[in-house]
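Here are a few exercises to work through with the model open beside you. Try each task before you read its solution.

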Amino acid sequence: VSVSMLDLLPLLYGALLPLQEWLYPKIHAFSTSISDIDYHKLRQGKAVSTYGTEINCVTEHLLSNKLRRALIITDGWVGQVPSAHAMELVRRRVRVNSLVTADGDAAFASGFNGTLHRLKI
């Protein structure tokens, strides 16, 4: 949840709420660290953030929690995925799909096993 994404949060939160029965019970929001947001906070539009953005906290979270799949929603200005993380995610066959804003940088997603989609907003 970087400063550059704050204006989009109401739209993104609104899009996630109807899907909650298919999603994990908490949303793992990221900036320079991971923060869990439950759906009650999501409805209230609460943002937990350090206001920076680094993808390495996401990949570390995926690996340390042995997650099998994730959807990363971002404007893409997240830095580079550490190569050791990328290799381990591929080795473990972790599926990481990325949803990037229309004008965002999608380069970070190139090392993931997953799909890349663009938001039309």
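Tyr24 sits in the loop between H1 and S1; helices (H or I, at least four residues) and strands (E, at least two) are DSSP runs, numbered from the N terminus. The model is a predicted one, in which local features need pLDDT of at least 70 and side-chain atom pairs count only at pLDDT 80 or more, while totals for chains, interfaces and linings use all residues. Residues are numbered from 1 along each chain as its sequence is written, and side-chain values use heavy atoms, with hydrogens and water left out.

Task: Decide whether Tyr24 is buried or exposed, and find how far it is from Asp38 in space.

Solution: Start with the cut-offs: buried means under 20% relative accessible area, exposed over 50%, and partly exposed in between (1.4 Å probe, protein chains only). Tyr24 has a relative accessible area of 54%, so it is exposed. Next, go C-alpha to C-alpha: Tyr24 and Asp38 are 9.5 Å apart in space and 14 residues apart in sequence.

**Exercise 1: the inside of H1**

Task: List the buried residues of helix H1 (residues 9–16) and work out what they pack against.

Solution: Pick out the buried positions, and you get Leu9, Leu12, Tyr13 and Leu16. Now look down the axis of H1: these buried residues fall within an arc of 95°, so they line one face of the helix. (The arc is that of the directions from the helix axis to the C-beta atoms.) Finally, check contacts, meaning heavy atoms within 4.5 Å. The buried residues of H1 pack against strand S1 (26–30), strand S2 (34–38), helix H2 (39–44) and strand S3 (69–74).

**Exercise 2: a charged network**

Task: Find the salt bridges in the whole structure and say how they are linked.

Solution: The search turns up 2 salt bridges. Arg91 pairs with Glu88, with the closest N and O atoms 2.6 Å apart. These two are 3 residues apart in helix H4 (residues 83–91), so about one helical turn separates them. Glu88 also meets Arg92 in a salt bridge (2.8 Å, N to O). Put together, Glu88, Arg91 and Arg92 form a network of salt bridges.

Now compare accessibility: Arg91 is exposed at 59%, whereas Arg92, at 27%, counts as partly exposed.

Terms used
A salt bridge is a side-chain nitrogen of Lys or Arg within 4 Å of a carboxyl oxygen of Asp or Glu.
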